[in-house]
Amino acid sequence: MRARTAPLLAAAVPLTATAAAVVLKAGRWKLSVNRYRIELTPQPHRSCPSCQGDGGWWVGGAFPEMEACPCWADRRDLRIRLLPVPAWPDEPPF
């Protein structure tokens, strides 16, 4: 049984990683991982007729701002918390 399990597991891990990468790319998601969380953030669509994949456009005026395109801005971020973020100390380190 163990002789068959090891090669299957060795083949399944790269296949699963490849499948996950394809799904994230097709769904226009960016994956960020650190020790505190796993985060999926939406990315702009390359074929969007409004922003042409730039994610938004600049609104003029004295202080120009970028207005986000609804092709990605209306989708929410997904986060999975892994470890609690450590609290900041009350006193300075020196």
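Two strands count as paired if DSSP finds at least two bridges between them, and strands themselves are DSSP runs (E, at least two residues) numbered from the N terminus. With that in hand, welcome to this predicted model, in which local features need pLDDT of at least 70, side-chain atom pairs count only at pLDDT 80 or more, and totals for chains, interfaces and linings use all residues. Residues are numbered from 1 along each chain as its sequence is written, and side-chain values use heavy atoms, with hydrogens and water left out.

- Three strands make up an open sheet in the order 1-2-5, and their pairing is antiparallel.
- Strand 1 (29-33) and strand 5 (78-81) are the edge strands, each pairing on one side only.
- From one strand to the next, the twist averages 10° (axes are lines fitted to C-alpha atoms, for helices over the stretch in contact, and angles run from 0 to 180 degrees between N-to-C directions).
- Strand 2 (residues 37-42) runs antiparallel to strand 5, and four bridges join the two.
- To see this pairing in the model, look for I38, whose bridge partner in strand 5 is I80.

**The hairpin**

- Strand 3 (residues 56-59) pairs with strand 4 (residues 65-68) in the antiparallel sense, over four bridges.
- G56 has A68 in strand 4 as its bridge partner.
- Five residues lie between strand 3 and strand 4 in this hairpin, and G61 in the turn has a positive phi of about 130°.

**E39 and the salt bridges**

- The structure holds three salt bridges (each a side-chain nitrogen of Lys or Arg within 4 Å of a carboxyl oxygen of Asp or Glu).
- R37, E39, D77 and R79 are linked in a network of these salt bridges.
- E39 is found in strand 2 and counts as buried, at 13% relative accessibility (buried means under 20% relative accessible area, exposed over 50%, and partly exposed in between, with a 1.4 Å probe and protein chains only).
- R37 bridges to E39 with the closest N and O atoms 3.5 Å apart, and R37 is partly exposed at 35%.
- R79 bridges to E39 with the closest N and O atoms 3.0 Å apart; this pair links distant parts of the chain, as R79 in strand 5 and E39 in strand 2 are 40 residues apart.
- R79 also forms a salt bridge with D77, where the closest N and O atoms are 3.5 Å apart.
- R79 counts as exposed at 52% relative accessibility, while D77 is partly exposed at 33%.
- Not counting residues up to four places away in sequence, E39 touches K30, L31, S32, D77, L78 and R79 (contact means heavy atoms within 4.5 Å).

**The cysteines**

- A disulfide is a covalent bond between the sulfur atoms of two cysteines.
- The structure holds zero disulfides (the cut-off is a pair of cysteine sulfur atoms within 2.5 Å).
- The sulfur of C51 is too far for a bond because the closest cysteine sulfur, in C69, is 3.8 Å away.
- C71 is in no disulfide either, with the sulfur of C69 nearest at 3.7 Å.
- C51 is buried at 2% relative accessibility, and C71 is buried at 14%.

**A loop residue**

- D54 sits in the loop between strand 2 and strand 3 and is exposed, with a relative accessible area of 58%.
- Leaving aside neighbours within four places in sequence, D54 is in contact with P44 and M66.
- D54 and Q43 are eleven residues apart in sequence and 9.6 Å apart in space, C-alpha to C-alpha.
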